[in-house]
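Visitor: Could you take me through how the parts of this model meet one another?

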Amino acid sequence: MDFRQLRTFSCVAELGSLSKASDTLRVAQPALSRQIKLLEHELRTELFTRNGRGMVLTEAGRLLLARTSGIVRQIDQIRDDIQSTKGLPSGQVVLGLVPTVSCVLSARFARRSVEKFPGISLRIVESYSGHLVEWLHRGEMDLAILYGRSADLHLNVESLGRDNIVAVGPRGCGLARKKSVDIGWLLRQRLVLPSHSHGLRALIEHAAAQRKIKLNVQLEADSFRVLTSLVEEGLGFALLPPSSVHAEVADGRLETAVVSKPMTRELIFASPIDRPASTASLAITALLREEVAACRKEEVWDIRLS
């Protein structure tokens with residue numbers, strides 16, 4: 001295997017199409033197809049299933065991608081770092097954000113990144129903490145802002161503070177009038193929550209178990225946008241950081257109330273522990289710290305310092 005073959009394989013796997021990979025890598029399709037075939041010949045197995053929808057990874061292909069995607073990114077970063085010695089940072093940075101942070105930070109931070117670092121290609125990936133941690137470990141992501149107990153993650157971490165959790169309900173539900181609700185009462189209501197694999201669900205279930213309350217969860221949503229839309233439709237209450245629904249509350253589409261016994265989650269910066277950060281990643285990390293501080297100062301993000 002050589003690097004050119006692995007880079008071609010990684011790009012085709014990500015895009016699912018030879019034609020899209022050809023446009024991205026600026027290499028003719030026949031040349032890319034030849035590199036894939038040489039790689040399959042050397043490994044003595046098919047890496048893709050070809051069909052009318054494009055290129056789909058086989059089981060062997062998924063294994064190869066999991067083992068080599070981080071290596072390909074590291075070699076690309078070495079090239080970018082050498083180029084960065086000539087001037088402003090350049091290269092790609094993959095930033096992961098949990099959904100409740102993304103809705104507050106992603107647009108304004110992307111604007112600042114483009115203005116300050118035009119040579120950096122910023123890719124923002126929105127997902128829940130468990131997925132972001134996995135991608136950081138595999139080397140497919142450079143840094144992330146996520147929730148979790150920092151000591152358990154086996155990553156380079158920096159605490160940003162703690163995010164409050166409030167009760168969220170539809171317009172007219174009475175939360176705004178109450179301003180504060182008892183946690184026991186809230187946990188007995190019909191709830192809309194993420195699935196069991198996510199940290200917020202574990203936090204809520206722990207609170208319910210302490211009070212010996214069986215949760216009434218008829219609907220689950222692993223998409224933050226879907227979750228808030230279900231609450232808007234009056235299908236249940238949710239528990240979320242207030243900053244994540246600020247716009248909906250201001251528009252009168254949702255109501256919030258603080259919980260009698262405060263619920264908080266630790267918010268952290270995280271990056272891989274087993275490889276040095278690229279020049280571009282360090283620049284984006286520094287800019288992120290500035291942006292988080294600005295959000296806190298402007299009170300658009302109510303993070304309490306640990």
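Guide: Contact here means heavy atoms within 4.5 Å. The model is predicted, with local features needing pLDDT of at least 70, side-chain atom pairs counting only at pLDDT 80 or more, and totals for chains, interfaces and linings using all residues. Residues are numbered from 1 along each chain as its sequence is written, and side-chain values use heavy atoms, with hydrogens and water left out.

Visitor: How many residues of domain 3 are in contact with domain 2?

Guide: By an automatic or database domain assignment, the chain falls into domain 1 (3–84), domain 2 (91–161 + 267–304) and domain 3 (163–264). The C-alpha centres of domain 2 and domain 3 are 25 Å apart. On the domain 2 side 12 residues take part in the contact, and on the domain 3 side the number is 15.

Visitor: What share of the area buried between domain 2 and domain 3 do carbon and sulfur atoms give?

Guide: Buried area is the accessible area (1.4 Å probe) that two parts lose on being put together, summed over both. For domain 2 and domain 3 this comes to about 1,200 Å², and the share from carbon and sulfur atoms is 54%.

Visitor: Which helix gives the most to the side of domain 2 that touches domain 3?

Guide: Between these two domains the count of salt bridges (a side-chain nitrogen of Lys or Arg within 4 Å of a carboxyl oxygen of Asp or Glu) is zero. Helices are DSSP runs of H or I with at least four residues, numbered from the N terminus. With four residues, the helix that gives the most to this side of domain 2 is H5 (residues 99–116).

Definitions and conventions
Helix = DSSP H or I, 4+ residues; strand = E, 2+ residues; numbered from the N terminus.
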